Amino acid sequence: MSKADGIFISNCKQILSEGFSDKDQIVRAHWEDGTPAYTFKSFCIVNRYDISSEFPILTLRKTAFKSLIDELLWIWKTKSNNIKDLNSHIWDSWADSSGSIGKAYGYQLAIKHQYHEGWYDQVDRVIFDLKNNPYSRRIITNIYNHNDLHEMNLYPCAYSLTFNVINNCLNVVLNQRSQDMLVANNWNVCQYAVLVHMFAQVSNLQAGELVHVIADAHIYDRHVPIIESILENPQYPAPRFHIDETIDNFYHFGVDSFKLTDYKYNDIEKRIPVAI
């Protein structure tokens with residue numbers, strides 16, 4: 001069975017049985033009808049995924065593989081902050097009339113910074129270091145720029161990556177300040193698993209381990225019955241992940257550069273509301 005399923009089940013059971021309810025607190029998030037979106041939450045959940053042996057996608061429910069890659073490339077390859085460059089509507093609630101989400105996500109990755117070797121944005125600097133100094137302990141990206149927070153329509157949730165190479169394997173720690181377990185957990189896990197494979201391939205490394213650190217792991221009140229139903233679904237073996245091995249330039253990857261085979265999953269009949 002998929003190891004990602006087991007991790008997800010364990011996380012959700014922990015949150016529902018031991019988590020803190022913020023029902024009596026003042027919360028920022030709300031539903032489309034204006035009702036406060038309360039949660040059950042746990043502090044600092046840490047999950048480890050060996051992506052060298054298995055792609056960490058859920059089979060308990062479908063995770064939209066092509067759509068998550070499209071968003072990943074929008075942020076890390078195109079380095080865009082405008083939803084007009086995105087082929088889905090997941091960011092519509094945070095975009096202004098021009099389509100911009102403010103100085104967030106891709107905008108931060110596109111900013112040039114000066115190093116001894118010259119000017120790089122964060123993505124190009126990671127590639128440079130992985131190729132030229134892979135055993136450095138200083139390969140980090142961070143898009144939580146306090147100077148620009150007031151111009152972001154949504155503060156970054158997954159905000160920092162730490163890259164570490166051991167025995168020619170690329171391992172990454174993903175730090176996330178906040179995680180909607182139903183809507184976004186496996187979406188983000190799969191995205192960053194793909195990103196590790198991308199960076200590894202163009203740097204002549206092997207993909208190793210993805211460690212996901214979630215500061216505030218929560219389940220929204222209206223998601224509880226959906227989660228409880230999903231946890232009862234049958235589990236299937238993880239699908240096989242394929243990446244176009246001919247690509248050696250990070251910016252040549254596209255949505256069709258990746259595919260899954262034998263992906264068996266359970267469908268969700270109920271619409272999932274999204275807190276905003």
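View 1. With a relative accessibility of 10%, Gln122 counts as buried, in a model that is predicted. Gln122 belongs to helix 4, which covers residues 122-132. When neighbours within four places in sequence are left aside, the contacts of Gln122 include Gln108, Leu109, Ile111 and His113, and they also take in the run Ile140, Thr141, Asn142 and Ile143.

**View 2. Arg125 with the rings of Tyr115 and Tyr120.** Arg125 lies over the face of Tyr115, where the distance to the ring centre is 4.3 Å. The charged end of Arg125 also sits over the ring of Tyr120, at 5.3 Å from the centre of that ring.

View 3. Helix 2, residues 65-76. This helix of 12 residues reaches 16 Å from its first C-alpha to its last, which is close to the 16 Å expected at 1.5 Å a residue. Helix 2 is mostly covered, in that 10 of its 12 residues are buried. The ring pair of Trp91 and Tyr105. The structure holds 20 aromatic pairs. In one of them, the rings of Trp91 and Tyr105 have centres 5.0 Å apart and planes at 70 degrees, and the pair is therefore edge-to-face. Trp91 and Tyr105 both lie in the loop between helix 2 and helix 3 (106-110), so their pairing ties together parts that are 14 residues apart in sequence. Both Trp91 and Tyr105 are buried.

**View 4. The ring pair of Phe163 and Phe199.** The ring centres of Phe163 and Phe199 are 5.4 Å apart and the ring planes stand at 85 degrees, so this pair is edge-to-face. Because Phe163 lies in strand 6 (residues 158-166) and Phe199 in helix 5 (residues 185-202), the pair ties together parts that are 36 residues apart in sequence. Phe163 is buried, its relative accessible area being 2%, and Phe199 counts as buried at 0% relative accessibility.

**View 5. The aromatic cluster that includes Phe163 and Phe199.** Phe163 and Phe199 belong to one aromatic cluster, whose members also include Phe55, Phe65, Trp76, Tyr192 and Phe241, together with Phe250, Tyr251, Phe253 and Phe258.

Definitions and conventions: Residues numbered from 1 in each chain as written. Predicted model: local features only at pLDDT ≥ 70, side-chain atom pairs only at ≥ 80, totals over all residues. Heavy atoms only, no water. Helix = DSSP H or I, 4+ residues; strand = E, 2+ residues; numbered from the N terminus. Expected span 1.5 Å × (residues − 1). Buried < 20%, exposed > 50% of the residue type's maximum accessible area, 1.4 Å probe, protein only. Contact = heavy atoms within 4.5 Å. Phe/Tyr/Trp six-rings, centres within 6.5 Å; stacked < 30°, edge-to-face > 60°. Lys NZ or Arg CZ within 6 Å of the ring centre and 35° of its normal.
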